[in-house]
Amino acid sequence: MQSATATIPFWIDSTSFPRFAKLSADDRVDVVVVGAGITGLTAAYLLTAAGKSVAVLERGRCAEIDTGHTTAHLTMVTDTRLSGLANTFGRDHAQAAWDAGLAAISQIESNIRELSIDCDFDWVPGYLHAPTDPSRQKENVDFQEESRLALELGFDAEFVNDVPLFGGAGIRFDNQARFHPRKYLAGLARAIVAGGGRIYEHTEGGEFCDEPLSVNANGHTVTCDDIVIATHNPLMGLTNIASATLFQTKLALYTSYVIAGRITKGLVPDALFSDTGDPYDYLRIEPHRDHDLVIFGGEDHKTGQADDTNKCFDAVQRRLESLLPGVEVTHHWSGQVIETPDGLPYLGRNRDHQYVATGFAGNGMTFGTLGAMIAVDGILGRENPWTELFDTSRKKVRGGARDYLFENKDYPYYLIRDRFAGPDGRSLRQVRRGEGKVLDLKGQRVAAYRDSEGTTSLRSAVCTHMGCEVQWNTAERTWDCPCHGSRFKPTGEVLAGPAESPLPEVEG
C-alpha cells in the first residue's frame with residue numbers, strides 16, 4: 001500500500017521551524033546541549049531561564065529526528081503496567097514513576113502558558129483497553145485490579161465496561177494531554193535565543209574533551225562547565241568505550257509504524273488510546289477546524305529486524321481502515337523507541353558534569369521532558385525527587401534480569417549470521433533506482449544505493465558502532481543496524497545513533 005508514498009511525519013509536514021546557522025567559531029558557555037529534540041530544547045530553555053549561558057549543537061535540523069517522528073502522547077501511563085512496576089520496584093517507586101510523568105506534563109503545560117505557545121495543547125483522558133483482534137492479545141490484563149491499584153496510589157483512574165470507539169472493558173485515566181510537538185519546540189527555541197542562548201544546526205558534536213571540558217564541532221571548540229547529551233540514543237561523550245558499550249547493552253531499540261488520515265470531525269473522541277496487544281496499538285487525534293486527523297500506530301519490531309518494512313505499514317493501515325472505514329490516509333512514518341530491562345528510562349548524570357536521557361519506551365515526550373528537568377536540577381545544584389529512581393547506573397533490576405538477557409542475545413547472533421549469510425546480490429546491476437542492497441563486491445560487503453537519477457553510492461555495510469551488518473529499510477530508505485538500532489541515510493551519513501561515524505566509502 002505504502003511503497004510509493006514518502007514517509008514524512010505530519011508534524012514536519014504541517015509546520016515550519018526557525019532556522020539556525022552552523023557553529024562557525026569557538027565559543028564559551030556554561031552548558032553545551034547536544035541534540036535539539038524534546039530533551040535538548042527543554043533543557044536549554046530551563047537553563048537559559050535560570051540564567052545559564054547555553055549552546056545547543058544539532059547534527060541536522062531541530063526537532064526532526066526522534067521528536068519529529070513521535071505521535072506526541074502526553075501520558076504518565078507507562079508501557080510497563082503499574083502492577084509490574086510495583087512488583088519490580090515496590091509500590092512507592094511505582095507511584096513515583098507515574099508521578100514523574102505527571103510532573104513532566106505539568107512542566108510542558110507551564111512552559112506553554114508562560115511563553116504563550118500556540119501548539120494545540122489540551123488536557124484529554126487516556127484509555128487502556130484490550131485489542132479488538134483477540135489474536136493480538138498476548139497478556140491477560142485485569143483492568144479492574146489495575147484501576148484499583150492506580151486509585152490506591154492516588155491517580156485518577158476508573159474501570160469502564162465500554163471503552164469509547166473500541167468497546168469492551170478498560171481503564172480511563174484523567175489528566176493526560178496531547179499537543180503538536182514541533183509547534184511547542186519552535187516556541188521553546190525562540191525563547192532560548194531571546195534569552196541569550198545559542199542554537200547551532202548542521203553542527204555535529206564530535207570529540208568530547210575533559211581538559212578543559214569542551215565539545216568539538218565543525219572544526220571549532222565550545223568550552224563549558226557541563227554537558228547534556230540529548231540524542232535519544234546517547235553518544236559516548238566523556239565516558240570510555242567500555243562503559244559506553246556496557247550501557248548500550250541495557251538499551252533495546254524498536255521501530256514503530258504510524259498512519260495518519262483525515263476523518264469527519266468528532267467521529268473519534270479527543271483522547272489517548274492504547275491497547276494491551278504485543279506489540280500494542282495506539283491512537284489519538286489532532287483536531288482541525290473542519291476535520292480531525294487520526295494518528296494510529298503499532299507493529300513494533302526491533303530496529304533492523306523486519307524483512308519488509310512496507311508490510312508493517314500495510315498491517316497498521318489495514319487495522320486503521322477496519323476501525324474507521326473511509327479514513328483518508330495522508331501521512332505515514334516510523335519512529336524509534338528505546339526500551340530498558342526494568343521498564344524505566346535512564347535519566348541523569350552518567351559521569352561528572354555530563355548528563356544523559358534515554359530509554360523512554362512509549363513515553364518519549366514525558367520522559368524526555370523529565371530527563372531535561374533532572375539534568376537541569378543537577379547542573380543548578382538542586383535536589384530532584386526522581387534522581388535515584390531513574391539513575392543511569394542503577395544495578396538493581398529486580399525482575400528485569402530475564403528481559404536484559406533476552407534483549408542482548410541478538411548481538412552475538414547477528415555478528416555470526418552476518419559473516420555467513422549470503423548477500424542480496426553480487427552486481428550493481430541488481431540495484432534498481434531508489435533501492436538499496438547489500439552486495440558482495442570483490443569479496444567486500446557493500447551497502448549499495450542507486451538514487452532516482454541513477455547515481456550509485458557505495459558504502460561499507462559494516463555499522464561503525466559495533467561491527468554488525470546494516471540492512472536496507474525499504475519503506476524509510478535507510479540503512480538500519482539490527483544489533484543496536486543505528487540508522488544511516490542511503491548515502492551512509494549517520495541518521496540516528498549509537499553510531500557516531502558514517503558508513504565508510506568504498507570503491508566499486
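Q: Which strand do four bridges join to E10, and in which sense do the two run, parallel or antiparallel?
A: Happy to start there. This is a predicted model, and in it E10 is joined by four bridges to strand E11, residues 220-223, with the two running antiparallel.

Q: How many residues lie between E9 and E10 in their hairpin?
A: That hairpin has four residues between its strands. E9 and strand E10, residues 214-217, pair over two bridges in the antiparallel sense. Here Cys209 stands opposite Ser214 in E10.

Q: In what order do the strands of this open sheet of four come, and which are its edge strands?
A: Read across the sheet and the order is E1-E11-E10-E9, with mixed pairing. The edges are strand E1 (27-28) and strand E9 (208-209), each of which pairs on one side only.

Q: How do I read the open sheet of six strands in the same way, and what is its order?
A: Go across it again: the order is E8-E3-E2-E12-E19-E18, and the pairing is mixed. Pairing on one side only marks the edge strands, here strand E8 (198-200) and strand E18 (346-351).

Q: Now for empty space: what does a probe the size of a water molecule show?
A: Rolled over the atoms, such a probe shows where empty space is left. In this model, the second largest pocket has a volume of about 530 Å³. Its lining has 25 residues, and the closest to the pocket centre are Thr239, Ser243, Ala244, Thr245 and Phe247.

Q: Which elements give two or more residues to the lining of the second largest pocket?
A: They are helix H7 (241-248) and E18. H7 gives the most, with seven residues. Sorted by class, the lining of this pocket has ten nonpolar, ten polar and five charged residues.

Q: How many disulfides does a search of the whole structure find?
A: The search finds one. Cys468 and Cys483 form the disulfide, with their sulfur atoms 1.9 Å apart. The pair links distant parts of the chain, 15 residues apart: Cys468 sits in the loop between strand E22 (456-460) and strand E23 (471-473), and Cys483 in the loop between strand E24 (478-480) and strand E25 (487-488).

Q: Why is the disulfide of Cys468 and Cys483 called left-handed?
A: Check the torsion about the S-S bond: for Cys468 and Cys483 the value is about -90°, so the disulfide is left-handed.

Technical notes:
Residues numbered from 1 in each chain as written. Predicted model: local features only at pLDDT ≥ 70, side-chain atom pairs only at ≥ 80, totals over all residues. Heavy atoms only, no water. Pairing = 2+ DSSP bridges. 1 Å grid on protein atoms, 1.4 Å probe; cavity = no way out; pocket = protein on both sides within 12 Å on 5 of 7 lines; lining within 4 Å. Points joined across faces, edges and corners; volume = space filled by probe spheres on them. Nonpolar A, V, L, I, M, F, W, Y, C, P; charged D, E, K, R; others polar. Disulfide = S-S within 2.5 Å.
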